[in-house]
Amino acid sequence: MNRLSEDDDPYVVEEPSDEEPALSSSEDEVDVLLHGTPDQKRKLIRECLTGESESSSEDEFEKEMEAELNSTIKTMEDKLSSIETVISQVNKKKKKQQYRIPTNDELLYDPEKDNRDQAWVDAQRRGYHCLGVQLSHQQQAVPNSDAVLNCPACMTTLCLDCQRHEYYKTQYRAMFVMNCSVNKEEILRYKGPVNRKNRQSHKKMKSDSEDSTVQAENEEIYHPVKCTECSTEVAVFDKDEIFHFFNVLASHT
């Protein structure tokens with residue numbers, strides 16, 4: 001009995017060959033080129049040209065973007081770190097400057113100048129009162145002055161030791177002055193008040209010579225005094241060598 005060959009056996013099931021998937025794949029590609037959407041065509045062309053799928057290309061793009069982002073972040077961190085370093089150095093310098101004691105030249109003020117000026121004024125006034133310098137540690141106190149007188153026009157100091165008038169509060173008299181010049185060539189005459197006794201006796205007098213004598217006795221003579229810096233008239237000088245200030249700025253002590 002002859003054995004049937006496999007080709008004649010009706011029960012043999014044919015298995016697809018290895019070439020059929022390739023043929024099916026080619027048919028799919030053709031179908032995509034003919035009937036696919038633009039996105040499908042683009043993906044197919046990319047795979048044919050580069051041999052890579054779009055998913056792998058997208059992965060590389062994401063990696064490149066991530067690497068660029070990391071590089072940008074690191075650059076910004078480096079800049080921020082340098083800025084923080086500069087700010088820290090500036091703050092340290094400011095702290096050092098805050099605790100540094102400024103000099104007198106920077107302050108434009110000498111804290112000891114007032115004390116030196118007061119010592120100079122006291123020395124001048126001791127000379128006026130013939131007190132001199134004491135050898136002991138205790139110096140004799142200088143009598144108080146009612147005010148320090150200054151020129152009203154240029155603020156030049158005119159007198160350090162003066163006495164205020166008993167009735168006229170804006171007038172002062174002094175024996176020792178500075179920055180003042182007396183014009184003895186000019187004479188100022190002032191008629192003083194006549195006593196009641198003199199008035200009664202004056203009524204009884206009839207001669208002109210006696211009348212002129214009484215007027216001369218009641219007349220006071222002064223010389224004008226000016227500031228040597230600006231020539232402002234500030235006082236008058238009497239026959240007893242006393243200065244009478246009437247046009248001054250007084251700083252009361």
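In this predicted model, β7 provides the largest share of the lining of the second largest pocket, with 4 residues. That strand spans 219–227, and α7 (208–218) joins it in giving at least two residues each to the lining. The pocket comes out at about 200 Å³ in volume. Its lining runs to 10 residues, and the ones that lie nearest the centre are Glu219, Glu220, Ile221, Tyr222 and Lys239. Sorted by class, the lining splits into 6 charged, 2 polar and 2 nonpolar residues.

Now for the aromatic rings. The count comes to 2 aromatic pairs. One of them joins Phe237 to Phe243, with 4.7 Å from centre to centre and 50° between the planes, and is classed as tilted. Phe243 also pairs with Phe245: here the centres sit 6.4 Å apart and the planes meet at 25°, so this pair goes down as stacked. The reasoning rests on the angle, because planes under 30 degrees apart count as stacked, and the 6.4 Å between the centres of Phe243 and Phe245 falls within the 6.5 Å cut-off for a pair. Taken together, the ring pairs tie Phe237, Phe243 and Phe245 into a cluster.

As for solvent exposure, the cut-off for buried is under 20% relative accessible area. Phe237 has 9% relative accessibility, so it counts as buried. Phe243 is buried too, at a relative accessible area of 8%, and for Phe245 the value is 1%, which again means buried.

Methods:
Residues numbered from 1 in each chain as written. Predicted model: local features only at pLDDT ≥ 70, side-chain atom pairs only at ≥ 80, totals over all residues. Heavy atoms only, no water. Phe/Tyr/Trp six-rings, centres within 6.5 Å; stacked < 30°, edge-to-face > 60°. Buried < 20%, exposed > 50% of the residue type's maximum accessible area, 1.4 Å probe, protein only. 1 Å grid on protein atoms, 1.4 Å probe; cavity = no way out; pocket = protein on both sides within 12 Å on 5 of 7 lines; lining within 4 Å. Points joined across faces, edges and corners; volume = space filled by probe spheres on them. Nonpolar A, V, L, I, M, F, W, Y, C, P; charged D, E, K, R; others polar.
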